[in-house]
Amino acid sequence: MNAMAPVGAPSLPTAVDYRVYHDTQIFAAEQRNIFKGRTWCYLGLEAEIPNAGDFRATHLGETPVVLVRGQEGKLHAWVNRCAHKGATVCRSLRGNQADGAFVCVYHQWAYDSEGTLVGVPFRRGLKGVGGYDKDFDPANHSLEKLRVESYKGMVFGTFSAEIEPLEDFLGPVMRKYIDRVFHRPIRVLGYSRQYMAGNWKLYSENSRDSYHGALLHLFYPTFGIYRQSQDSAGELAEQGFHNVFTVSKPKGDIDYGSFGDEANREMQGSAKLQDERLLQFRPEIEDDVGLHIQSLFPSVVLQQIQNTLATRQIVTHGVDKTELVWTYFGYADDDEETTRHRLRNLNLVGPSGLISMEDGEAVELCQQGTVGAEGKHSFIEMGGDDVRGYYAPMGMDENAVRGFWKGYLSLMGDALAVSAEASA
Amino acid sequence: MSLVEPVLQGLVDSLNAAYGLCLDDDRLEEWPEFFVDDCLYQVIARENVDNGLPAAVMYCDSKGMLVDRVVALRRANVFPEHFSRHLISRAVLTGIDGDTVSAEASYALLQTRNDGETRIYNAGKYVDRLLIKDGVAKLVSRMCVYDTHRIATLLATPI
């Protein structure tokens, strides 16, 4: 093709109508078709709620959800909305509900950790006055419950009764890479939350875009750290919408312990790092991979960059309001010095990340630049106009971005066309 | 605990006032000089501190790392153009141990981007250890514990 799509043409994986970033009807359709549709959405890590009664407030798309470890150790998730008047039931970000009961403060309707209604005050009224009918059955007034499954400690939820099991949704390729990071027990190191005035799909494209890396993020080239000998790979899941990038060194001849020294020998930029410990990399997984960025549709990125480990959960608060919740972790057997090393490496990533902060700005620039551009299209043909599923070097292409749109468009069905017609 | 030590109080408050103005005047290259060489500077969410979790969004455990931050910010990083404005409370001295003082102060960091609107960008407190030498206070460690756990867009300029 290689030409711009005509104004008003339907969106394709290579050319997406900018309307998708601004249209509130599309946003509503995404909540139905994607987040509440046939997908598994990331809710958190098992390591965040290790004990019975532990809970964590989270989101599925825009919907507030609570993830709970039940008394018997099982994982539960329910919509944080009282079945009586719709009030928020759980008002804390996290905690432990030792008795396993979640009570709405408004009229004290009480739910167990599974979300089942177990108590209603004055159900029979007071002194024979008021109360509910005899046929009122609490079982019919529970919190809205999600299906919950966990893979290697990453917990996902779904509203869909039909969707395949989580393992099949992730598929063998994605599972292989998740296994890599979660090869031993982890420990959560903390959180940061980044709030972008941009659409969630702009961030989803960004995390799948291997083209922008060395162009937007100028930290490495500025300090002369450019590694020609790097081996890279990009892999897509069958549906197109999950992908993973890895960058590693060729096996054999490289001493990773001297990463900082070597970086300086290869220096091309004029600035010099004062403290190279920032970049130090200590391989701890049985391979040479120093960068692993894995985007699992629709709502999470799993990463290992140097010795930083994190999930980035995408929460969709509105067409132009996206929250990125970073959950940083290390391994449970880390000693104090290893933890300090991870904290030092964490300067590279997150909302203040020396090699990543620009992503927040890029998302907002695209949101601002596409105002009033309904009917006009993006141009996503770097490296081809198809979606290649096979193993390929991560390079100057937008294969995984097209993969995202392929999966997205398939789930959205005719919702985009309906929205375009409605506003025409 | 709050200690009444007028001379030390004056030194700490003077440091904080100069520190805030240095950042707000965009004299970033001078900022590392508020620290001793073997320092620790952190910007960390209050939700982490309250839960005993160590992850910080900035963690610099040497003056060199502070310099690297500034060089990256000047030459590499891309972020919205903005002005910063620090409002820093009078410090509370929480401990004195030889020539080292512990102190805390609240801050509000306002940010004004190109649209001209001034927003409360980050609010929190400084938890500091300072070395008093030759009548001057320098930061041994500064932990910026922020209440505003939702960072707008990104955090480039130090707090």
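Chain A is divided into domain 1, residues 41-148, and domain 2, residues 171-418. The model is a predicted one. Chain A has an average pLDDT of 91, and 92% of the residues score at least 70.

**Domains of chain A**

- The centres of domain 1 of chain A and domain 2 of chain A, taken over C-alpha atoms, are separated by 35 Å.
- Eight residues from domain 1 of chain A and 14 residues from domain 2 of chain A take part in the contact.
- On the side of domain 1 of chain A that touches domain 2 of chain A, strand S1 (residues 41-45) of chain A gives the largest share, with three residues.
- That side of domain 1 of chain A consists of four nonpolar, two polar and two charged residues.

**Confidence**

- As noted above, chain A averages a pLDDT of 91.
- The pLDDT is below 50 over residues 252-267 of chain A, and this stretch has 16 contacts in the model beyond near neighbours in sequence.
- Where pLDDT is low, the predicted coordinates should not be read in detail.

**The three-strand sheet**

- Strands S1, S10 and S9 of chain A form an open sheet in the order S1-S10-S9, with antiparallel pairing.
- S1 and strand S9 (147-151) of chain A are the edge strands; each has a single partner strand, so one side of each is left without a neighbour in the sheet.
- From one strand to the next, the twist averages 30°.
- Four bridges join S1(A) to strand S10 (residues 154-158) of chain A in the antiparallel sense.
- Within this pair, Tyr42(A) stands opposite Phe156(A) in S10(A).
- H2(A) lies across S9 and S10 of chain A and runs at about 20° to S9(A).

**The eight-strand sheet**

- An open sheet of eight strands has mixed pairing and the order S12(A)-S13(A)-S14(A)-S15(A)-S16(A)-S17(A)-S11(A)-S8(B).
- Its edge strands are strand S12 (231-236) of chain A and strand S8 (150-152) of chain B, each of which pairs on one side only.
- On average, neighbouring strands of this sheet are turned by 15° against each other, direction ignored.
- At the chain B end of the order, strand S11 (residues 186-196) of chain A pairs with S8(B) in the parallel sense over three bridges.
- Tyr195(A) stands opposite Ala152(B) in S8(B).
- Helix H2 (residues 166-181) of chain A lies across S12, strand S13 (243-248), S14, S15 and S16 of chain A, and runs at about 135° to S14(A).
- Helix H7 (residues 336-345) of chain A also packs on the sheet, where it touches S11, S16 and strand S17 (321-331) of chain A.
- The direction of H7(A) makes about 155° with that of S17(A).

- Strand S15 (residues 300-305) of chain A is mostly covered, with six of its six residues buried.
- Val300(A), Leu302(A) and Gln304(A) point one way from S15(A), while Val301(A), Gln303(A) and Ile305(A) point the other way.
- Strand S14 (residues 289-296) of chain A runs antiparallel to S15(A) and is joined to S15(A) by six bridges.
- Gln294(A) stands opposite Leu302(A) in S15(A).
- The hairpin from S14(A) to S15(A) passes through three residues.
- S15(A) also pairs with strand S16 (residues 308-318) of chain A, in the antiparallel sense and over six bridges.
- Val301(A) stands opposite Arg312(A) in S16(A).
- Two residues lie between S15(A) and S16(A) in their hairpin, and Gln306(A) in the turn has a positive phi of about 50°.

**Val67 of chain B**

- Val67(B) is part of helix H3 (residues 63-75) of chain B.
- Is Val67(B) buried, exposed or partly exposed? Val67(B) is partly exposed, because 19 other C-beta atoms lie within 10 Å, whereas a buried residue has 20 or more.
- Apart from its neighbours within four places in sequence, Val67(B) is in contact with Gln274(A) and Pro32(B).
- Val67(B) and Glu29(B) are 38 residues apart along the chain, and their C-alpha atoms are separated by 7.4 Å.

Methods: Residues numbered from 1 in each chain as written. Chains lettered and ligands numbered in written order. Predicted model: local features only at pLDDT ≥ 70, side-chain atom pairs only at ≥ 80, totals over all residues. Domains from an automatic or database assignment. Contact = placed C-beta atoms within 7 Å. Nonpolar A, V, L, I, M, F, W, Y, C, P; charged D, E, K, R; others polar. pLDDT = per-residue confidence, 0-100. Buried ≥ 20, exposed ≤ 12 C-beta atoms within 10 Å, placed from the backbone. Pairing = 2+ DSSP bridges. Axes fitted to C-alpha atoms, helices over the stretch in contact; angles between N-to-C directions.
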